[in-house]
Amino acid sequence: MSSPEGAPQGVIPAQLLKGQKALVTGANSGIGKATAVALGRAGADVVVNYVAGPEEADKVVEEIASFGVRAAAYQADVSDEGQVVAMTDRMVEEFGTIDILVANAGMQRDAAFTEMTLAQWQKVIDVNLTGQFLCAREAAKEFMRRGVVPEVSRAAGKIICMSSVHQIIPWAGHVNYAASKGGVQMMMETLAQELAPKKIRVNAIAPGAIKTPINRSAWETPDAQTDLLKLIPYERIGEPDDIAHVAVGLASDLMDYVVGTTLYVDGGMTLFPGFATGG
Ligand code: BGC
């Protein structure tokens, strides 16, 4: 079965992540929300982190709980060390442990370079890069404390960093965002190297243009869509489920040997589409 946009539905095996506890940051909208729901559909218990918008987070929790798994909404700002530590401590207390972290929370504060304020630069680095560092650090501590539980997973834990095609595609007018995602790539690879011997798998997903609130202006008018599609060889703007389904696979033992990799999920955006006819 396909949705009108073409994203496959109902294809997630319900027992794939049975018994695993997942924390998804920024899970009350967009890619985070779709990922939290998909993890729940795959049998995981899910903590839905959000910073603002409790009603939306509660709706996500309700949807996940309808699959017969546990879900709860935890408010925390991922860029605040105390709040991240409190969130992961609470999850261990209430859910028993953490098996999967999807470090997804992210934002844009766009400006031409010479107009960009230090506050705009700092905020995006704090949330997109430092936020992932803090959440990954706390999750990794719990993975190492618990170790591998073979009935649950071959790995002691899985960390999925939500990056972007802009970890390798420079992006004028968005230097804070592109720099944060370039940082995510090297952080992810370094953590993957450091934590693999502890049986912790660290990987990233680099979404292209996915229809979410973060890039509404890029897809909401027909003209904007036409421009955007020129950058996507597959000629389809992505849906949140396109990313969520990959996150479920990466978190599962089906992909146990995938360590330190970025999966570009972008309809070919990173294939230099301008060269299809030029060069
Ligand atoms: C950005 C979007 C953008 C997409 C492709 C994402 O990381 O958040 O605003 O549409 O990359 O350029």
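**Exercises on loops, a helix, a ligand and a core**

Lys199 lies in the loop between α5 and β6. The model is predicted, with local features needing pLDDT of at least 70 and side-chain atom pairs pLDDT 80 or more, while totals for chains, interfaces and linings use all residues. Residues are numbered from 1 along each chain as its sequence is written, and side-chain values use heavy atoms, without hydrogens and water.

**Exercise 1.** Describe the backbone angle phi and the exposure of Lys199, then do this for Glu235.

*Solution.* Begin with Lys199: its phi is near 65°, which is positive although the residue is not glycine. The relative accessibility of Lys199 is 47%, so this residue counts as partly exposed. The classes are buried (under 20% relative accessible area), exposed (over 50%) and partly exposed (in between), with a 1.4 Å probe and protein chains only. Next, find Glu235 in the loop between α7 (222–229) and α8 (240–251). Helices (H or I, at least four residues) and strands (E, at least two) are DSSP runs, numbered from the N terminus. Glu235, not a glycine, has a positive phi of about 55°. With 64% relative accessibility, Glu235 counts as exposed.

**Exercise 2.** Work out how the length of helix α1 compares with the expected span, and decide why the helix is called largely enclosed.

*Solution.* Helix α1 covers residues 30–41, which is 12 residues. The expected span is 1.5 Å times one less than the number of residues. Now turn to burial: 10 of the 12 residues of α1 are buried, so the rest of the structure largely encloses the helix. Among the buried residues are Ile31, Val37 and Leu39. Just past the end of α1, Gly43 has a positive phi of about 100°.

**Exercise 3.** List the surroundings of the ligand and pick out side chains with a polar atom beside a ligand oxygen.

*Solution.* From a polar side-chain atom of Gln108 to a ligand oxygen the distance is 2.6 Å. For Ser164 the corresponding distance is 2.7 Å. In the side chain of Asn215, an N or O atom is 3.2 Å from an oxygen of the ligand. Finally, the ligand on its own has 310 Å² of accessible area (Shrake-Rupley method, 1.4 Å probe), of which the protein covers 90%.

**Exercise 4.** Identify the residues with the most contacts in the largest nonpolar core and the element that gives the most to this core.

*Solution.* A nonpolar core joins buried Ala, Val, Leu, Ile, Met, Phe, Trp, Tyr and Cys residues through side-chain atoms within 4.5 Å. The largest one has 37 residues, and Leu23, Tyr74, Met91, Leu101, Ile159, Ile200 and Val202 touch the most other members. Elements that each supply at least two residues include β3 (71–75), α3 (81–95), β5 (157–162) and α4 (118–146). The most comes from α4, with 10 residues.

Methods:
Near = heavy atom within 4 Å. Polar contact = N/O pair within 3.5 Å; in protein donor to acceptor, adjacent residues only side chain to side chain.
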